[in-house]
Amino acid sequence: MATSLLPLLPQLLLVLFALAVLLYDLGNEDRPGLGSLAMLGPLAALLGLGIVAGHPGEYWGRMLKVDSFSLFFQLLTYAGTFLVILLSRDYVERQPIHRGEFYTLILLAGVGMSVMASSAELLMIYVGLELMSLSSYALVGMIKRQDQSIEAALKYYLMGAVTSAILLFGISLLFGITGTTYLPDIASALALTKDIQGNLLLIAAVVFVLAGFGFKVSLVPLHMWTPDVYQGAPTPITAFLAVGSKAAAFAGFIRLLATGLPAAVSLWQPLLALVAVVTMTYGNMTALAQTNMKRMMGYSSIAQAGYILTGLVVFTPDSLAATLYYLLAYLFMNIGVFACLIWVANQQESEEIAAFRGLGQRAPFYAVSLAIFFLSLVGIPPTGGFMGKFYLFFAAVQSHYVWLAVVMVINSVISLAYYYGVVRQMWLEPCLPAAPGAAAGGTSRWSMPAARASTSTPPAAASSTPEKAQSWPEPTKPASLALGVAVVISLLLVLLLGLYPQPFFEWVGKAALLG
Amino acid sequence: MNTTLLAFFIVAFISLVAAWRVITDPSILHAGLWMGLSFVGVAGIFLLLEAEFLAGVQVLVYVGAITTIILFGIMLSDVGEVRVGPEPPGWVQAGAAWHRGLRHAFPLLVAAGFAGTMLGLYTQSGWGQLRERPLELAGLSVGGIGRELFSTFALPFEIASLVLLAALLGAIVLAMREEER
């Protein structure tokens with residue numbers, strides 16, 4: 001059974017649906033039900049995951065590992081992919097995006113993420129990372145009419161390629177030192193090494209590998225891409241980067257540090273502690289000055305990466321469990337925020353924070369939901385974000401990282417300011433009339449880029465827009481139903497994680513043992 | 001000095017000079033050709049290390065496929081010359097020769113810095129069992145690599161094909177003309 005296909009079932013199902021979407025989209029007609037077909041992919045993978053859960057072990061020459069850790073992150077990945085496709089359904093109707101390729105790449109990126117999470121072999125983790133990255137680079141640039149989107153894709157691609165090379169250098173050094181790329185073997189080889197502190201080779205290897213993963217989760221010296229890419233990318237893809245990409249990179253990160261490099265803890269612990277503090281503080285301080293919602297969420301995501309990293313710095317079973325819990329809550333609160341953002345952007349044709357003016361009167365459901373997601377991001381009860389942060393805080397204090405916990409609390413208070421800025425717009429500022437034509441649902445797929453062209457694209461692009469309008473069909477429905485469903489799902493889970501955390505605590509506690 | 005070492009120095013010199021010309025050559029077509037030469041040099045180094053398979057792959061993939069595609073790309077788009085940055089300000093133009101020299105020296109400095117760091121690392125004493133059994137890995141035959149690829153490493157090998165699919169899809173969808181839909 002060592003090379004059985006069964007343990008690969010979820011990934012295989014996801015690939016199958018990716019190819020099905022691609023083939024179904026062939027030809028020029030607009031295929032009905034393409035989004036639904038794509039959404040079935042992660043659902044099927046979740047079912048497959050249920051079957052695989054009964055067969056823990058290592059398969060395919062130790063390349064594939066099925067344990068509670070991999071099951072946890074696979075669940076996170078498939079849930080994230082599902083929700084992102086749910087967010088995209090409305091979005092791709094209004095933007096000039098090739099839907100078939102868009103959904104296929106999302107599914108392929110999902111496969112990459114799940115591969116990263118379910119192996120203890122550096123080679124597999126790297127291949128998974130590349131699959132995720134290459135799909136994301138293309139996804140970021142999918143709105144070709146917008147210079148911002150293309151610029152973001154190019155930036156992300158160039159910086160990503162360089163950090164990938166650095167990561168490979170690090171992996172090759174680790175292989176040189178230990179003679180293996182299998183993480184448990186690396187750990188046992190390093191356990192025999194004397195003088196870890198003075199081994200320059202090992203220091204370089206650790207720094208290179210940390211840089212590779214640090215880029216993906218946007219830790220501070222490697223965060224430069226985050227705001228531009230978050231702002232320029234199609235909004236569902238911004239959400240995907242924030243929750244999927246980040247969770248998968250943290251999965252690889254945790255597996256690497258906890259399974260592969262526990263012997264070198266004295267090397268990376270002080271380094272990561274410094275990075276965590278700088279990342280949190282920088283992200284929160286810079287977010288204060290933003291006027292664009294997606295850009296603000298970009299800086300917020302940098303700050304959140306800092307919080308999540310504290311769990312790795314403290315490095316106890318409890319703190320790793322807290323990290324996983326926070327990532328779980330983070331998935332739903334971020335998807336929620338981006339769902340509300342897409343809904344508002346559809347109404348107002350703007351992604352500025354000012355577009356949220358008077359949302360409390362216009363759409364109380366979305367306004368209240370957004371406020372709850374923000375409470376969760378700040379870490380205020382009764383939300384999942386509070387439980388996650390409290391758990392992280394508690395784990396830090398328990399192992400004498402009180403100063404780190406204090407920095408985290410101070411930063412949470414700072415973050416309150418910019419989230420409150422949006423909440424104030426929603427309730428305390430007078431209502432803004434909806435942009436003409438938008439609320440009626442008669443928006444053509446081209447009208448949004450046309451409206452934005454005045455600010456972001458040169459006049460040539462704007463003037464060429466009307467002729468192209470014929471080549472894209474009118475949207476079949478105003479469809480905010482998918483967004484509403486995404487908000488409700490996220491809301492329920494954020495509150496569930498906040499009010500009834502016990503079963504989830506037990507679950508992440510088991511997963512964090514990496515057994 | 002034995003012949004292997006001499007051969008290494010010749011091949012390494014060729015690939016380094018070629019790599020430097022890739023950066024500094026004002027014609028992008030020539031830069032592409034220099035890159036091909038640099039790849040050939042690297043293939044030579046692989047041969048010297050008795051990694052025949054890698055040398056073959058290097059020539060087939062990098063020289064054969066990648067360089068050709070890059071040259072195609074250059075010829076199909078209307079790019080003849082590379083503009084190296086914006087026009088320098090007046091006070092720099094006064095020392096234009098110095099500026100040109102700097103432009104040529106900068107890649108050298110960066111490369112030397114990186115090479116120095118890596119060489120410093122490679123001479124460190126942290127290397128594990130690899131030092132004791134270099135031949136077992138370096139002399140792995142083509143057949144041996146094939147067997148490994150389709151047994152132990154079958155899974156990452158197959159996932160690499162998905163990586164290619166994603167890259168292909170992404171490239172096509174980004175490069176496609178909108179009118180075609």
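Over the face of which ring does A:K389 lie? The ring is that of A:Y307, and A:K389 lies 3.9 Å from its centre. A charge counts as sitting over a ring if NZ of Lys or CZ of Arg is within 6 Å of the ring centre and within 35 degrees of the ring normal. A:R62 lies over the face of A:Y182, also with a distance of 3.9 Å to the ring centre.

A word on the basis of this talk. The model is predicted, with local features needing pLDDT of at least 70 and side-chain atom pairs counted only at pLDDT 80 or more, while totals for chains, interfaces and linings use all residues. Residues are numbered from 1 along each chain as its sequence is written, chains are lettered from A and ligands numbered from 1 in the order in which they are written, and side-chain values use heavy atoms, leaving out hydrogens and water.

I turn to the helices, which are DSSP runs of H or I with at least four residues, numbered from the N terminus. Helix 3 of chain A, residues 68-94, has 27 residues and should span 39 Å at 1.5 Å a residue; its end C-alpha atoms are 40 Å apart, which agrees. The expected span is 1.5 Å times one less than the number of residues. Of its 27 residues, 24 are buried, so helix 3 of chain A is largely enclosed by the rest of the structure. Buried means under 20% relative accessible area, exposed over 50%, and partly exposed in between, with a 1.4 Å probe and protein chains only.

Next, the aromatic rings. Rings of Phe, Tyr and Trp (its six-membered ring) pair if their centres lie within 6.5 Å; planes under 30 degrees apart are stacked, over 60 edge-to-face, and the rest tilted. By this rule there are 30 aromatic pairs over all chains. One of them, A:F102 with A:Y103, is edge-to-face, at 6.1 Å centre to centre and 65° between the planes. Both A:F102 and A:Y103 are buried. A:F390 and A:F394 form a stacked pair, at 6.2 Å and 15°. Both lie in helix 16 of chain A, residues 384-398, four residues apart, about one turn of the helix. A:F390 counts as partly exposed at 45% relative accessibility, as does A:F394 at 44%.

Finally, A:Y137, A:Y156, A:Y157, A:F215, A:W225 and A:Y230 form one aromatic cluster.

Key
Helix = DSSP H or I, 4+ residues; strand = E, 2+ residues; numbered from the N terminus.
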